[in-house]
Amino acid sequence: MKRILVIFALILGGTVYGQNGLWPSDSLKEYEGEIVPVYTKEYLNRYNRMKRLVVKVYPYALYAADVIDQVDHNAEKIEKRRKKNRFYKEAYKHLKNDFKYFILDLYTSEGRMLMKLIHRETGMTVYDISSKYRGETKANMFNTMAKMWDQDLHITFEPNIGDDRIVEQVIKDIQAGIVEFDDEIVSIDRLTYKEGKKADKERKKKSAKKYKHIRKQKRKNERRIKKAARKAKRE
């Protein structure tokens, strides 16, 4: 940090002094420029971690927002409450089917990020959405089930606090074209999900087998070294 301040002072000092040998009284006004942010290594690590999460799940939050807008628009044309509730139920069912296997394939951190971004894009938490389209009783049941997987359907997005502030910056960078982003969603059906899980299981099995072999070889080498040391000591 000291090195940055010294270089900054030299650049400003050299520029101003080099013009007329004096420091003008209005130098700050004359040499005002755009503020360039300086990020720490810790911030960049957090930014990159948030970026990986956002790029993966943000397309689905945008898709959910579009679907909900369309559902609400169509629901306005339905006058009878019973028909509207039936319409909401069917719409929620379709939305859930679109997300079901994608969500099952997410890590906890990815699922939490998706729920935060859905709140950002719709103004509703996942609990609010469930309550509106499936009723409060169902929403409470879904939230109880979610807690078993360390999730909370009441989670909100707070753009000015903690990691959410960094997420907001990532989204702004996406909108500015700084961060590469593809908003196309990939639909995952039951067969694709099962095949993916099977392949993942095979990878873990091979990894465990490889690690077991490495540990076995390591113990073998340690025994060989100890044996050589005892032999050298006797001699």
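User: Is His-119 buried or exposed?

Analyst: A word on the source comes before the case: this is a predicted model, in which local features need pLDDT of at least 70, side-chain atom pairs count only at pLDDT 80 or more, and totals for chains, interfaces and linings use all residues. Residues are numbered from 1 along each chain as its sequence is written, and side-chain values use heavy atoms, with hydrogens and water left out. Burial is read from relative accessible area, where buried means under 20%, exposed over 50% and partly exposed in between (1.4 Å probe, protein chains only). His-119 has a relative accessible area of 17%, so the residue is buried.

User: Where does His-119 lie, and which residues is His-119 in contact with, leaving aside its neighbours within four places in sequence?

Analyst: Helices are DSSP runs (H or I, at least four residues), just as strands are runs of E with at least two, and they are numbered from the N terminus; His-119 lies in helix α5. Contact means heavy atoms within 4.5 Å, and, with neighbours within four places in sequence left aside, His-119 touches Met-124, Thr-125, Ile-155, Thr-156 and Phe-157.

User: What is the relative accessibility of Leu-117, and which residues is Leu-117 in contact with, leaving aside its neighbours within four places in sequence?

Analyst: Leu-117 is also found in helix α5, and its relative accessibility is 0%, so Leu-117 counts as buried. Leaving aside neighbours within four places in sequence, its contacts are Val-54, Val-57, Tyr-58, Ala-61, Phe-157, Val-167 and Ile-171. Leu-117 and Ala-65 are 52 residues apart in sequence, with their C-alpha atoms 9.7 Å apart in space.

User: How should I read the packing of α5 and α8, and at what angle do they pack?

Analyst: Two packed helices are described by the angle between their axes and the distance between the axes. Axes are lines fitted to C-alpha atoms, for helices over the stretch in contact, and angles run from 0 to 180 degrees between N-to-C directions. Angles under 35 degrees count as roughly parallel, over 145 as roughly antiparallel, 65 to 115 as roughly perpendicular and the rest as oblique. Here α5 and α8 pack at about 65°, with their axes 12 Å apart, and they are therefore roughly perpendicular to each other. The contact involves Met-113, Lys-116, Leu-117 and Arg-120 of α5, together with Asp-164, Val-167, Glu-168, Ile-171 and Gln-175 of α8.

User: Which residues of α8 are buried, and which helices do they pack against?

Analyst: The buried residues of α8 are Asp-164, Ile-166, Val-167, Glu-168, Val-170, Ile-171, Asp-173 and Ile-174, and the buried residues of α8 pack against α3 and α5. Just after α8, Gly-177 takes a positive phi of about 80°.

User: How does the packing of α3 and α4 read, and how far apart are their axes?

Analyst: Helix α3 (residues 41-75) and helix α4 (residues 81-104) have axes 11 Å apart and pack at an angle of about 165°, which makes α3 roughly antiparallel to α4. Among the residues that make the contact are Val-57, Tyr-60 and Val-67 of α3, and Phe-87, Leu-95 and Phe-99 of α4.

User: Is Glu-180 buried or exposed?

Analyst: Glu-180 lies in the loop between α8 and α9, and at 75% relative accessibility Glu-180 counts as exposed. Glu-180 and Val-55 are 125 residues apart along the chain, with their C-alpha atoms separated by 8.3 Å.
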